[in-house]
Amino acid sequence: MKLIETPLNSNVNLETLYPNLTKYFFDKRQAVKLLKLYAYDRTKIIYADRFDTIDLLLLNRKRKISHQEVDTIIHRLLKVDREAVNVNIGYKKQIMEAGLRPKEAYKDIIAIEYKVPKE
């Protein structure tokens, strides 16, 4: 499968695309330096570089995201092994418990955090 970068227009607002997800994902966190959108098969990926950490939010409306897919995405985007990142598989449950309902029904939502080593 291919990992495809989705082009962003200058006027794209993530709150419009993913209203409740981004409120929880970006709440009380450092500013975003770089933002990209990717697609891997039917999984949408939000890539947010926050100077000291890189956060990935994996979204799939059709099915659960497999362990192998998560490993492939981590390897291709972050160029590190799974042991170097913090993978939150229960992120969908965490959002639901916080009282936030995504605009669209997702089968699986996974959050990945990578702390960038200081040089």
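This report walks through the nonpolar cores and the salt bridges of the structure above.

The model is predicted, with local features needing pLDDT of at least 70 and side-chain atom pairs counting only at pLDDT 80 or more, while totals for chains, interfaces and linings use all residues. Residues are numbered from 1 along each chain as its sequence is written, and side-chain values use heavy atoms, with hydrogens and water left out.

## Nonpolar cores

Let's start on the inside. In soluble globular proteins, nonpolar side chains tend to be buried together. A nonpolar core here is a set of buried Ala, Val, Leu, Ile, Met, Phe, Trp, Tyr and Cys residues joined through side-chain atoms within 4.5 Å. Buried means under 20% relative accessible area, exposed over 50%, and partly exposed in between (1.4 Å probe, protein chains only).

The largest nonpolar core has 19 residues, and L56, L58, L78 and I112 touch the most other members. Two or more residues of this core come from each of β2 (34-40), β3 (43-49), β4 (53-60), α3 (67-78) and β6 (108-115). Helices (H or I, at least four residues) and strands (E, at least two) are DSSP runs, numbered from the N terminus. Helix α3 gives the largest share of this core, 5 residues.

Leaving aside residues up to four places away in sequence, L56 touches F25, I45, I46, Y47, I73, L77, L78, I110, A111 and I112; contact means heavy atoms within 4.5 Å. There is also a second, separate core of 13 residues, with L57, I95, L100 and Y106 among them.

## Salt bridges

A salt bridge is a side-chain nitrogen of Lys or Arg within 4 Å of a carboxyl oxygen of Asp or Glu. By this rule the model has 7 salt bridges, including these:

| Pair | N to O distance |
|---|---|
| D55 and R50 | 2.4 Å |
| E69 and R63 | 2.8 Å |
| R82 and D71 | 2.9 Å |

In the next pair, E69 is buried at 5%, whereas R63 is partly exposed at 29%. R63 and E69 also belong to a network of salt bridges that links them with D41.

In the last pair, R82 is partly exposed at 21% and D71 is partly exposed at 27%.
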